[in-house]
Amino acid sequence: MGYQELTPPLARQGTVRRRSGVAFVSGLTLLAVAWVCLRTLLGAHSAEVDVAKVQQCSIDNLHADLSFMKDAKPIIAEEFLERRDKLARALHADKIDAFVLEPGYTFQYYGNISQVDWEPWEPEERPFLMLILPQVSSGGEIVAKTAFLSPHFEEGRVRMLGIPSREEELDIVIWEEHWNPYSTLLESGLFSSESPKLMMDEEIRDYIVRGLDSVGFETVGLSPRAELVRQIKSPAEVELIRVVNTGTVVAVRAMRPCLVPGLTENEVTAILDNSLLSIGFSLFFNIVLFEEHGALPHGGFVTGFKKVTPSSMIVIDVGAHYLGYSSDICRSFFIDPPKTSSSRFMAVLRSLVGLGASHDGAEQENLEQSDMRAEKLKVWDIVLDAQTAAAAAFKPNNTAASVDIAARNVIEAAGYGYGFTHRLGHGIGIKAHESPYLNMWNKGVLLQAGMTFTNEPGIYLEGKFGVRHEDIYLVKEDGEAELLTGVRAKGPYEP
């Protein structure tokens, strides 16, 4: 039989019964072997993680099948012009003289120029504006006329940007540094009205709006009709949203089997970032959270240092960019458990040296860990069921609120309503967060075919763990919404 404690015989003189020499030597040998093996195994478990090896494993797995990228094509120039024509029709219906925007996501949508394309360091204080004006074509159709307001010294650069246009030369209103750019625009001849009515893009800066108002323009906010132009995606947009979101999910799934105990949140973040970069995606955001950190839906500067274990619930919320479009997905999962043979050998050794189940503290700890794991698995399934319910609600003419409520009802019925602390989701396209927004109070917005949304229910138990599943869906004219992330999570070891 094995010993119940590790105290050497010399320390127990006068208390130990006499044993035969053979038994003594055998027992001492068993202890020595057990001690050496135990130290060897513990040393192996505590060895520094080979991050480079994990990184290469992740990249190799990801590159094993890149078929999701085969249909990726940039948006063609003609589509940018069609978008402006659709906006022009909306402006005409709203009795608006022009839509005004500056470099940013909306400029990228209508003009194929992002903020970084124009000013890589920071937004320029000198107004560079794009104006989309509705006009009647020779055929009697409402089409878009596009004009620009630019500092004179930047005119050449504007012409070299390659902004899609039907005209041979861009129509640019120039202003000198000592002029008022807004009065220059008003007097440019673009407008027939003395007080033109301008619709402002939601991203435009306040000082530009105030400048336009100060010289006699009437400015108004974005209308639902104009907003709808960008909310409904074209087939080309849908394909790019599918590619970048499917690719981001594939990257997470490819990385998971490579992860090992001891990696920190920051190390896993870097591994996933490098994997995404390896397939040509550009980085956007990457939130990696373990255990109780996962109860903070967006993490924070207090996270990053925690090390993963086989029992850690991992939450990864990550987005990337590809050909101008955004991904935004989330997965919750475990890493693979230790090798079975190693675990059993460790258990045998612990029993031999008296560290087995006879210790009440260890029993209590194991019981608590077992209960925690059971709750993690339970919550994981509840969140998946909530996501399934929401997916079924993505139907034309359903309210944005109804989709959120469908998921929320499942979580509340399971007794975790208090842990679902955010809205269900949002639109997605060029921006990761676009309108419409799926929250339980948004009853005035009706879903339409062609809209794309995140579907991301979650349960967050402070001080314990969090679980969130996030996928992208396309609202279809008939039938079920289409999944744009390739495959949903199937289990905590198959996210």
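I'll go through some helix packing and then the sheet. Keep in mind that this is a predicted model.

Let's start with helix H2, residues 51-63. One of its partners is helix H10, residues 235-255, and the two pack at an angle of about 130°, with 8 Å between their axes. Angles over 145 degrees would count as roughly antiparallel and 65 to 115 as roughly perpendicular, so this pair ends up as oblique. The crossing is right-handed. Who touches whom? On the H2 side we have Ser58, Asn61 and Leu62, and on the H10 side Val250, Ala251, Ala254 and Met255. Sorted by class, that contact has 5 nonpolar residues, 2 polar ones and no charged ones.

H2 also packs against helix H11, residues 265-277, here at about 35° and with the axes 9 Å apart. That crossing is right-handed too. Among the H2 residues in this contact are Ser58 and Leu62, and they come with Val51, Val54, Gln55 and Ile59. H11 brings Glu267, Ala270, Ile271, Asn274 and Ser275. The tally for this contact is 6 nonpolar, 4 polar and 1 charged.

Now the sheet. It's open, with 6 strands in the order E4-E3-E2-E1-E5-E6, and the pairing is mixed. At the edges sit E4 (171-175) and E6 (218-220), each pairing on one side only. Neighbouring strands are turned by 30° against each other on average, direction ignored.

Zooming in, E3 (residues 142-151) pairs with E4 in the parallel sense over 5 bridges. Phenylalanine 148, for example, has isoleucine 172 in E4 as its bridge partner.

Last one: helix H3, residues 77-93, lies across E1, E2, E3 and E5, and runs at about 100° to E3.

Conventions: Residues are numbered from 1 along each chain as its sequence is written. This is a predicted model: local features need pLDDT of at least 70, side-chain atom pairs count only at pLDDT 80 or more; totals for chains, interfaces and linings use all residues. Side-chain values use heavy atoms; hydrogens and water are left out. Axes are lines fitted to C-alpha atoms, for helices over the stretch in contact, and angles run from 0 to 180 degrees between N-to-C directions. Helices (H or I, at least four residues) and strands (E, at least two) are DSSP runs, numbered from the N terminus. Angles under 35 degrees count as roughly parallel, over 145 as roughly antiparallel, 65 to 115 as roughly perpendicular and the rest as oblique. A crossing is left-handed if the near helix is turned anticlockwise from the far one by less than a right angle, and right-handed if clockwise. Contact means heavy atoms within 4.5 Å. Ala, Val, Leu, Ile, Met, Phe, Trp, Tyr, Cys and Pro count as nonpolar, Asp, Glu, Lys and Arg as charged, and the others, Gly among them, as polar. Two strands pair if DSSP finds at least two bridges between them.
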